[in-house]
Amino acid sequence: MQSKTIVLALASIAVTACGSHHHHDEREDLNTKPSYLGAISSINYDGVSDDLLTAGLGKTGLAGATPAYADPNNPTAPELRRNAIYANYRAVLDIAANSGYGTLYGPNVDAKGVVGSGEGKVAGAEYIAYADDGSGNQNVTLMVQVPAGFDVKNPCIVTGTSSGSRGIYGAIGSSGEWGLKNNCAVAYADKGSGTGLYTFDDDGVNLQNGVRATRIAAGKNASFAPVLTDAERAAFAAAYPGRVAFKHAHSQQNPEKDWGKVTLQAVEFAFYVLNEKYGALARDNTSHIVMLTPKNTITIASSISNGAGSALLAAEQDSKGLISGVAASEPQIQPKFSGGYTVRQGAAAVTGQGKALFDYSTYAALYQPCIASTAAAPGRCTALVSRGLLSGADLTAQQTDAKARLKAYGWLPDSDVLQAAHAGTNILVAVTYAYAYGKFSVTDKVCGFTFAPTDASGVPVSFTAAQRASSFATQNGIIGNVVYEDSVGGARAYNFGVSPVSGIADQSLDGFLCLRSLATGTDAVTGAPLTGTLAAQSTRVRAGVAEVAASGNLKGKPAIIVQGRSDTLIPVNFASRAYVGLNASVEGSASKLRYIEVTNANHFDSFANALPANIVPLHVYLFRALDAMLANLRSSATALPPSQVVRTVTRADNTTAITVANVPPFAATPTPANSIAINGTTITVPD
């Protein structure tokens, strides 16, 4: 694609952002607000006292202590925004200096990678609105940030759909930062997850700006409220004190099925905002004329994890030509088919290609807690042995067998060292997505699981007033701990749970065997087909899983996927490698997808904000992928990097600083030993 410049003529051929023509005469194409957008709020930030990227904290503040509220029980909307940006930035980035913060990445490192001495604040305007069908039941938060340096003559938009179950600022440190530094508008979506904390005892909800209100007072402006009568609410609150509902799990909408759609809506919102801001006034002196369109504006769909999956889905579903290209990192993407293509690593076909998230997360939720080196691990291992699901005469042998089973299911040996660290994460994923995919109510207590804060002995407690008030800023969209209601002796946090069958503290194994059964449609122990309620629930869950599956058809759009080979949450065999295979089987030689696999990189750069010595930051490679995509879209003479394995260099320990030597760049011409080959429908990744 040749470099794009805006033709400053009143082009009658321009298409508005929402895809319809509004010709008041043949020369004017008026900017119209998309019908799904609610009221738009906007704030300008000066880049000194407050800003788009760091909420006024700057590079130093983001690496410092959590900012305090003037009144912790009544934080203001600006305070909640500041703390949400602080928490979300640190959640996806490792802000330890030795991991590269401030030298390889961070607000003070400019778009060209040059380290500056400043704080990296970005002035500009921020626009926020709900996307909804009028019911108030969806209320997906969309946001557009337009940096003061936005270049109308070289316009670009990058998407920042949130990762995980995070709120609207979930991608601020990933694609958001890159977009702002490159003077692009950033189109964010919370994808119908976000915080959305609902507390039963006070009928409390989050508003769009994070402030709390009662469900009655909020009306259609609540981020999320469960569909319950007041009598049902009161009964549940009395029977299950402290339990909470949250949007991703309990909205009963399977929001993931719309992640592509809402990402495209965020782009349409960005075009609307930009044309209101930069379009000339029409003859009526009130409307603006469309100046920026997909024909003259580069739009890159990006983000990480769930947000990256959203970017790929958006590209697949893009019927209006809104997206120019994709640059995504560690995508949680679930191929519609696991056959019709072959993924090989070295000489051998890989195991488990193209498995669905709910399948592999429920499998991990059985075995990772046995590997985790906690006091509760032996109970889980022993209970698995007693069910015939694990072998080994002692704990070491049992943990070795658990790792072997995970590898046989499709995890790579590269994940072995990280399996223990992921147990708690996969527990949250398995329970959250059981509710989401099955569109279950919070009152359904699926497989005996609910969510609540818990005390030191695992007993459910209520959120304090201050915890509720700050939930928008502190919660990652999966809220509270997983509680096993059916534990012997009463409800306990899952890791304290005693299963009725084993009668021992086995980290609530019965509940997780139930989730595993929902995933497969068969009893996780006996293999017999499910019957009754469980069969019906399994049918619902698996229907929800089918709703989110990717087609693999990027319609010839250029795309770069980057993923870490050590990813233990979204393993490469299940996601990226399989997606590349599916894409090859669907698009064939028309495909412009590139896949870059990075050794020693995993899913969580933020590892307690100090990367283990055996891990390097994948974040660096997301930015390089975005750089490469922008260069290619601005000039077709700049080729995309070929598919390849990038061999990184680990450190002796994490007291040593990571430098560029640890994270080498993409190769313009990878050696045969590093080249990922795509021959027909066979993808070959070198060992």
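**Helix packing and sheet architecture in the predicted model**

Helices H9 and H11 are roughly antiparallel to each other, because the angle at which they pack, about 160 degrees, lies over the 145 degrees beyond which a pair is counted in this way. In this predicted model, H9 covers residues 357-371 and H11 covers residues 395-409, and their axes lie 8 Å apart. The crossing of the two helices is left-handed. On the side of H9, the contact is formed by Asp359, Tyr360, Tyr363, Ala364, Tyr367, Gln368, Cys370 and Ile371, which meet Gln398, Gln399, Ala402, Lys403, Arg405, Leu406 and Tyr409 of H11. Sorted by class, the residues of this contact comprise nine nonpolar, three polar and three charged.

Helix H11 also packs against helix H10 (residues 377-386), here at an angle of about 70 degrees and with the axes 10 Å apart. An angle of this kind falls in the range from 65 to 115 degrees, and H10 and H11 are therefore roughly perpendicular to each other. Ala377, Pro378, Cys381, Thr382 and Val385 of H10 make the contact with Leu395, Gln398 and Gln399 of H11, and the residues involved are five nonpolar and three polar, with no charged residue.

From H7, the residues in contact are Trp259, Gly260, Lys261, Thr263 and Leu264, while H8 contributes Asn306, Ser310, Leu313, Ala314 and Gln317. This contact of H7 with H8 holds four nonpolar, five polar and one charged residue.

Turning to the strands, ten of them form an open sheet with mixed pairing, in the order E3-E4-E5-E7-E6-E12-E13-E19-E20-E21. From one strand to the next, the twist averages 15 degrees. Within this sheet, strand E6 (residues 156-161) and strand E7 (residues 185-189) pair in the parallel sense over five bridges, and Ile157 stands opposite Ala185 in E7.

Helices also lie across these strands. Helix H3 (residues 172-181) lies across strand E5 (140-147), E6, E7 and strand E12 (298-304), and runs at about 160 degrees to E7. Helix H18 (residues 619-634) lies across E6, E12, strand E13 (325-329), strand E19 (558-564), strand E20 (592-598) and E21, and its direction makes an angle of about 165 degrees with E12.

An open sheet of three strands, with antiparallel pairing, is arranged in the order E16-E17-E18. Strand E16 (449-452) and strand E18 (492-493) are the edge strands, each pairing on one side only. Strand E17 (residues 481-484) is joined to E18 by two bridges, and these two strands run antiparallel, with Tyr484 standing opposite Arg492 in E18. Helix H12 (residues 423-438) lies across E16 and E17, and runs at about 110 degrees to E16.

As regards the confidence of the prediction, the mean pLDDT of the protein is 94, and 96% of its residues reach 70 or more. Among the elements of the protein, strand E7 has the highest mean pLDDT, 99, whereas strand E1 (residues 23-25) has the lowest, 43. Over residues 1-25 the pLDDT is below 50, and this stretch has 63 contacts in the model beyond near neighbours in sequence.

Methods:
Residues are numbered from 1 along each chain as its sequence is written. This is a predicted model: local features need pLDDT of at least 70, side-chain atom pairs count only at pLDDT 80 or more; totals for chains, interfaces and linings use all residues. Side-chain values use heavy atoms; hydrogens and water are left out. Axes are lines fitted to C-alpha atoms, for helices over the stretch in contact, and angles run from 0 to 180 degrees between N-to-C directions. Helices (H or I, at least four residues) and strands (E, at least two) are DSSP runs, numbered from the N terminus. Angles under 35 degrees count as roughly parallel, over 145 as roughly antiparallel, 65 to 115 as roughly perpendicular and the rest as oblique. A crossing is left-handed if the near helix is turned anticlockwise from the far one by less than a right angle, and right-handed if clockwise. Contact means heavy atoms within 4.5 Å. Ala, Val, Leu, Ile, Met, Phe, Trp, Tyr, Cys and Pro count as nonpolar, Asp, Glu, Lys and Arg as charged, and the others, Gly among them, as polar. Two strands pair if DSSP finds at least two bridges between them. pLDDT is the predictor's confidence in each residue, from 0 to 100.
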